[in-house]
Amino acid sequence: MLASAPRISDLPVVPPARRRLRVLDLLRFCAAFAVVLFHYGDTRAWGSPNAFPALSGVTMFGVYGVRLFFMISGFVILMSAWGRSPGEFASSRIARLYPAYWASVIALGALAVMGLTTDHRPTLSELLANLTMLQHGFRIRDLEIVYWTLWQELVFYALIAVFAAIGITYRRCLGFLGGWLLLVAIAERVNADLLQAVLVPFSAPYFIAGMALYLIYRFGKSLFPWLFVAAGWAIALVQVLGENPPAIQRYGQALGSALVVGVISLIFLVMMLVAIGAFDRIDWRWLTVLGALTYPLYLLHHHIGFLLIGWLHTPLGNMLTLPLVIVIALALAYAVNRLVEVPLQRRLKAALDRSLRADDGYLERAG
């Protein structure tokens with residue numbers, strides 16, 4: 001298989017400088033906002049399961065925003081890890097993920113201390129475990145419902161860090177993607193818990209497709225990466241249709257299945273267009289600001305939004321409460337980005353990078 005892959009020298013190579021793809025900032029925000037609308041449009045906090053019967057018929061598809069997140073991660077994380085050591089990659093990911101995450105855990109923990117919970121008051125051990133972001137691995141309850149995706153991301157980052165230690169090249173990427181795809185199938189076949197924990201089969205089709213699309217973006221169009229995109233798309237559809245999605249219950253088997261297939265296919269299509277440069281002209285600076293809101297918005301919108309909806313919908317009415325809560329969630333995300341992420345990410349990244357070089361003086365003296 002690998003012997004027939006195109007030679008690197010035969011492919012147009014994008015310059016090694018990592019040019020920011022601002023269209024990905026836009027897509028990240030769209031994915032997060034879709035999840036927000038999904039949660040806000042169909043929550044018991046309204047006091048009724050049908051607070052927005054027409055709107056929820058559309059926002060129910062926002063649940064698939066996490067799939068777009070995973071595909072963007074496959075694209076961006078491979079781009080970020082290329083040419084870096086495992087330590088450099090790890091320090092960049094830790095600095096990116098943890099400041100806003102710690103802010104969300106502390107905020108939700110403070111709300112829990114005050115008795116402001118929606119369904120479960122976490123224990124001290126649950127709070128401490130959640131601060132590590134490793135709670136899912138220890139089978140400890142997530143403090144916030146959206147945290148489950150972070151475990152999927154962490155496992156993916158660990159796989160990429162191991163790959164970076166080996167050395168990331170185009171041909172090795174093809175082998176990595178092929179091996180991952182085959183092992184996911186084997187894990188499903190033999191029901192191997194360890195393999196499934198390591199290979200994250202739920203998100204794997206999107207990570208694999210995203211990585212393949214980055215290869216297309218960086219090295220040009222060639223058959224093998226497109227085959228991995230096609231395989232990811234097919235497996236993603238098999239998975240999502242096997243979940244008996246709510247759209248089938250609402251719209252019927254034929255129309256519901258067609259709508260779900262259409263949404264997943266649209267996610268793949270948009271990312272394919274990114275890979276072939278169709279959106280390269282979308283380079284507006286304000287999209288970077290919009291993209292910066294994505295992560296804190298995703299982390300903080302659920303619990304706090306539900307509390308606000310419960311307090312406000314009776315005096316203000318549903319139609320006014322929904323946009324108001326969305327605006328508050330966006331403002332909170334902006335505050336966390338400016339007051340927490342911006343000052344802490346650089347300092348944490350610098351400290352981690354220094355820590356990687358802590359033995360430099362010792363090695364010089366030993367030499």
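View 1. Thr-59 sits in helix α2, residues 53–59. Helices (H or I, at least four residues) and strands (E, at least two) are DSSP runs, numbered from the N terminus. With a relative accessible area of 6%, Thr-59 is buried. The cut-offs are under 20% relative accessible area for buried and over 50% for exposed, with partly exposed in between (1.4 Å probe, protein chains only). A word on the model: it is predicted, so local features need pLDDT of at least 70 and side-chain atom pairs count only at pLDDT 80 or more, while totals for chains, interfaces and linings use all residues. Residues are numbered from 1 along each chain as its sequence is written, and side-chain values use heavy atoms, leaving out hydrogens and water.

**View 2. Arg-22 and its partners.** Arg-22 belongs to helix α1, which covers residues 22–41. It counts as buried, at 14% relative accessibility. Its side chain makes a polar contact of 2.9 Å with the side chain of Thr-288. For a polar contact, take a pair of N or O atoms within 3.5 Å; within protein, one must be able to donate a hydrogen and the other to accept it, and residues adjacent in sequence count only if both atoms are side-chain atoms. Setting aside neighbours within four places in sequence, Arg-22 also contacts Ile-282, Asp-283, Trp-284, Arg-285 and Leu-287, among others.

View 3. Trp-102, Ile-106, Leu-124, Leu-128 and Leu-131 make a nonpolar surface patch of about 490 Å². Helices α4 (86–113) and α5 (124–132) are the elements giving two or more residues to this patch. The top contributor is α5, with three residues. Ile-106, from α4, is exposed at 57% relative accessible area. Patch residues have over 30% relative accessible area and no salt bridge, with nonpolar side chains (Val, Leu, Ile, Met, Phe, Trp, Tyr) joined within 5 Å and like charges within 9 Å. A salt bridge is a side-chain nitrogen of Lys or Arg within 4 Å of a carboxyl oxygen of Asp or Glu. Accessible areas come from the Shrake-Rupley method with a 1.4 Å probe; for residues, only the protein chains shown count as cover.

**View 4. Stepping back to the chain.** The chain has 15 helices and zero strands. Buried residues are 47% of its 367 residues.

How values were computed
Contact means heavy atoms within 4.5 Å.
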